[in-house]
Amino acid sequence: MTKILLVQGANLSYLGKREPHIYGTTSAADLDMHLRSHSEQLGYDLDIFYTNVEGEAINRIYEATRAGTDGLVMNPAGFTYAGYALRDCVKAVGLPYIEVHISNVEVRGIRSVLSNVSVGMLTGFGLDGYEMALEAMLRLLEHEGDL
């Protein structure tokens, strides 16, 4: 079974409460429930990890790599601006990585320091961007040998 790690960066555990005009009113727990249902429907294993500490994200990615995880989807959130150590970790492990942002970070003038190690980015599609990113990862993994 395909294993995907979803890392939710700094401040995302506060979804539904933090700036609802940007991030919406869906809670992190509700998003998790929805994404777990998505993984059951499509038949992949989804591990969701929230952290406000960059070093914890790094450790979790290394751990997932050792455990045979196939792909990484991440919303770096608060790590977007200065997550250089996180970027180096993602680059080092060699997992295919898709970056997702709820809002369109370009419109907001935010530049991700992790984007240059990603296969691609989904920005500005709200919480639907998570499903899009996970499905894109599944397609990428399915066709990996064809690239």
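**Exercise 1. The largest pocket**

Task: In this predicted model, find which residues lie nearest the centre of the largest pocket, and sort its lining by residue class.

Solution: 
- Start with the lining. The largest pocket is lined by 16 residues.
- Go to the centre. Tyr23, Ala77, Gly78, Tyr81 and Arg108 lie nearest to it.
- Sort the lining of this pocket. Eight residues are nonpolar, six are polar and two are charged.
- The largest pocket holds about 160 Å³ of space.

**Exercise 2. The faces of helix 3**

Task: Work out how the buried residues of helix 3 are arranged around its axis, and what they pack against.

Solution: 
- Place the helix. Helix 3 covers residues 54–66, 13 residues in total. Its first and last C-alpha atoms are 19 Å apart, close to the expected 18 Å.
- List its buried residues: Ala57, Ile58, Arg60, Ile61 and Ala64.
- Look down the axis. These buried residues fall within an arc of 165°, so they line one face of helix 3.
- Recall the general rule. An α-helix has 3.6 residues a turn, so residues three or four places apart point the same way.
- Check the other side of helix 3. Asn59 and Arg66 are exposed there.
- Find the packing partners of the buried residues. They are strand 1 (3–10), strand 2 (45–50), strand 3 (71–77) and helix 4 (84–93).
- Step past the end. Just after helix 3, Gly68 has a positive phi of about 90°.

**Exercise 3. Asn11**

Task: Locate Asn11 and state which residues it touches, leaving out those up to four places away in sequence.

Solution: 
- Asn11 sits in the loop between strand 1 and helix 1 (20–23).
- Its relative accessible area is 37%.

Definitions and conventions. Residues are numbered from 1 along each chain as its sequence is written. This is a predicted model: local features need pLDDT of at least 70, side-chain atom pairs count only at pLDDT 80 or more; totals for chains, interfaces and linings use all residues. Side-chain values use heavy atoms; hydrogens and water are left out. Helices (H or I, at least four residues) and strands (E, at least two) are DSSP runs, numbered from the N terminus. The expected span of a helix is 1.5 Å times one less than its number of residues. Buried means under 20% relative accessible area, exposed over 50%, partly exposed in between (1.4 Å probe, protein chains only). The arc is that of the directions from the helix axis to the C-beta atoms. Contact means heavy atoms within 4.5 Å. On a 1 Å grid over the protein atoms alone, a cavity is a set of points where a 1.4 Å probe fits but cannot get out, and a pocket is an open set with protein on both sides within 12 Å along at least five of seven lines; lining residues have an atom within 4 Å of a point. Grid points are joined across faces, edges and corners, and a volume is the space filled by probe spheres set on the points. Ala, Val, Leu, Ile, Met, Phe, Trp, Tyr, Cys and Pro count as nonpolar, Asp, Glu, Lys and Arg as charged, and the others, Gly among them, as polar.
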